[in-house]
Amino acid sequence: MKYKISLFLLFVFVLNSCQNEDEKRLAENKREAKKKELIFDNINKGWLFIDEPINEISEQKVNSWNEWRDFLKEIGDKPRKTIGAFQKKSTAISKKAIALNDNIPAEFNVPQIKSRISVLITKIKMMDLFIHLNQIPAEKVTFLVGDINKELVSLERQMDNIIVKSKIPKEQGEEDFLKMLDTTRAIPNTKVNPIPGRRTDPNSPQLE
């Protein structure tokens with residue numbers, strides 16, 4: 001009889017322990033779900049990219065620079081519903097940003113533009129890194145979205161600046177001077193070696 005009572009009490013203890021574990025597991029799952037929901041909400045609110053050209057110059061390039069057009073289109077397509085969707089979108093944006101190094105229009109293939117593209121790519125890669133962490137720092141992701149927007153504005157303004165400068169008429173004679181300067185630079189700076197064994201005295205009479 002005592003054996004049966006002990007067995008019954010053990011069974012009750014094990015049952016209570018299992019129920020407690022289940023309750024702890026459910027509570028933990030709820031906390032984790034709540035945390036993920038909060039991360040999603042924060043990223044969803046802060047995921048606002050400048051996907052439209054800010055000036056006429058960058059708008060014109062949408063038609064002629066395919067990589068630029070594809071990049072703006074990618075950042076303008078906002079993900080929905082899940083963090084996973086944002087992670088996939090971040091990776092896609094990173095790939096489109098890297099492609100900006102390809103087929104840069106001739107007028108923009110200059111250090112000022114290349115350096116801004118490089119900074120833009122770096123910021124986007126950082127965002128992609130943070131959003132793929134197990135514990136996503138939502139505040140860092142949204143901060144980088146703002147930084148990326150700043151770099152976009154800087155890049156487009158630099159594009160505009162280059163075009164504006166190219167349209168300024170050169171002063172009369174400036175173009176000829178620049179051509180002459182380029183020609184001068186092209187002439188090698190050769191040094192004439194004296195004839196071996198012959199001393200040259202500047203004061204001695206020279207034979208004609």
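**Figure 1. The largest nonpolar core of the predicted model.** In this predicted model, the largest nonpolar core is made up of 38 residues. Ile43, Trp47, Trp68, Phe71 and Phe108 are the residues with the most contacts inside the core. At least two core residues come from each of helix 1 (2-46), helix 2 (56-64), helix 3 (66-76), helix 4 (83-98), helix 5 and helix 6. Helix 6 provides the largest share, ten residues. In soluble globular proteins, nonpolar side chains tend to be buried together.

**Figure 2. The chain as a whole, for orientation.** The chain contains seven helices and zero strands. Read from the N terminus, its elements follow the order α-α-α-α-α-α-α. The chain has 208 residues, of which 28% count as buried. Among contacts in the chain with a separation of 6 or more, 76% are between residues 24 or more positions apart.

**Figure 3. Surroundings of Trp47.** Trp47 is one of the residues with the most contacts inside the largest nonpolar core. With neighbours within four places in sequence left aside, Trp47 is in contact with Lys78, Pro79, Phe86, Lys89, Ser90 and Ile93, among others. Its contacts also include Met127, Ile131, Val141 and Val145.

**Figure 4. Packing of helix 5 against helix 6.** Helix 5 spans residues 111-131 and helix 6 spans residues 138-166. The two helices pack at an angle of about 165°, and their axes lie 9 Å apart. Helix 5 is therefore roughly antiparallel to helix 6. The crossing of helix 5 past helix 6 is left-handed. By type, the residues of this contact are 17 nonpolar, three polar and five charged.

**Figure 5. Glu151, a buried residue of helix 6.** Glu151 is located in helix 6. Glu151 counts as buried because its relative accessibility is 17%, and buried means under 20%. Residues up to four places away in sequence not being counted, Glu151 touches Val119, Leu120 and Lys123.

**Figure 6. Arg157, an exposed residue of helix 6.** Arg157 is also a residue of helix 6. With a relative accessibility of 57%, Arg157 counts as exposed, the cut-off for exposed being over 50%. When residues up to four places away in sequence are not counted, Arg157 touches Ile54 and Asn55. Arg157 and Ile54 are separated by 103 residues in sequence, and the distance between their C-alpha atoms is 8.2 Å.

**Figure 7. Packing of helix 3 against helix 4.** Helix 3 and helix 4 pack with their axes 9 Å apart, at an angle of about 165°. Helix 3 is thus roughly antiparallel to helix 4. Helix 3 passes helix 4 in a crossing that is left-handed. On the side of helix 3, the contact is made by Asp70, Phe71, Glu74 and Ile75. Helix 4 contributes Lys89, Ala92, Ile93, Lys96 and Ala97. Of the residues in the contact of helix 3 with helix 4, five are nonpolar, none is polar and four are charged.

**Figure 8. Lys96 on helix 4.** Lys96 belongs to helix 4 and is one of the residues through which helix 4 contacts helix 3. Its relative accessibility of 30% makes Lys96 partly exposed. Neighbours within four places in sequence aside, Lys96 is in contact with Asp70, Phe71 and Glu74. The C-alpha atom of Lys96 is 9.3 Å from that of Ile121, a residue 25 positions away along the chain.

**Figure 9. Lys81, a loop residue with positive phi.** Lys81 sits in the loop between helix 3 and helix 4. Its phi is near 75°, a positive value in a residue other than glycine. Most residues other than glycine have a negative phi. Lys81 has a relative accessible area of 77% and is exposed.

Figure 10. Asn103 is in the loop between helix 4 and helix 5. Although Asn103 is not a glycine, its phi is positive, at about 55°. Asn103 counts as exposed, with a relative accessibility of 59%.

How values were computed:
Residues are numbered from 1 along each chain as its sequence is written. This is a predicted model: local features need pLDDT of at least 70, side-chain atom pairs count only at pLDDT 80 or more; totals for chains, interfaces and linings use all residues. Side-chain values use heavy atoms; hydrogens and water are left out. Axes are lines fitted to C-alpha atoms, for helices over the stretch in contact, and angles run from 0 to 180 degrees between N-to-C directions. Helices (H or I, at least four residues) and strands (E, at least two) are DSSP runs, numbered from the N terminus. Angles under 35 degrees count as roughly parallel, over 145 as roughly antiparallel, 65 to 115 as roughly perpendicular and the rest as oblique. A crossing is left-handed if the near helix is turned anticlockwise from the far one by less than a right angle, and right-handed if clockwise. Ala, Val, Leu, Ile, Met, Phe, Trp, Tyr, Cys and Pro count as nonpolar, Asp, Glu, Lys and Arg as charged, and the others, Gly among them, as polar. A nonpolar core is a set of buried Ala, Val, Leu, Ile, Met, Phe, Trp, Tyr and Cys residues joined through side-chain atoms within 4.5 Å. Buried means under 20% relative accessible area, exposed over 50%, partly exposed in between (1.4 Å probe, protein chains only). Contact means heavy atoms within 4.5 Å.
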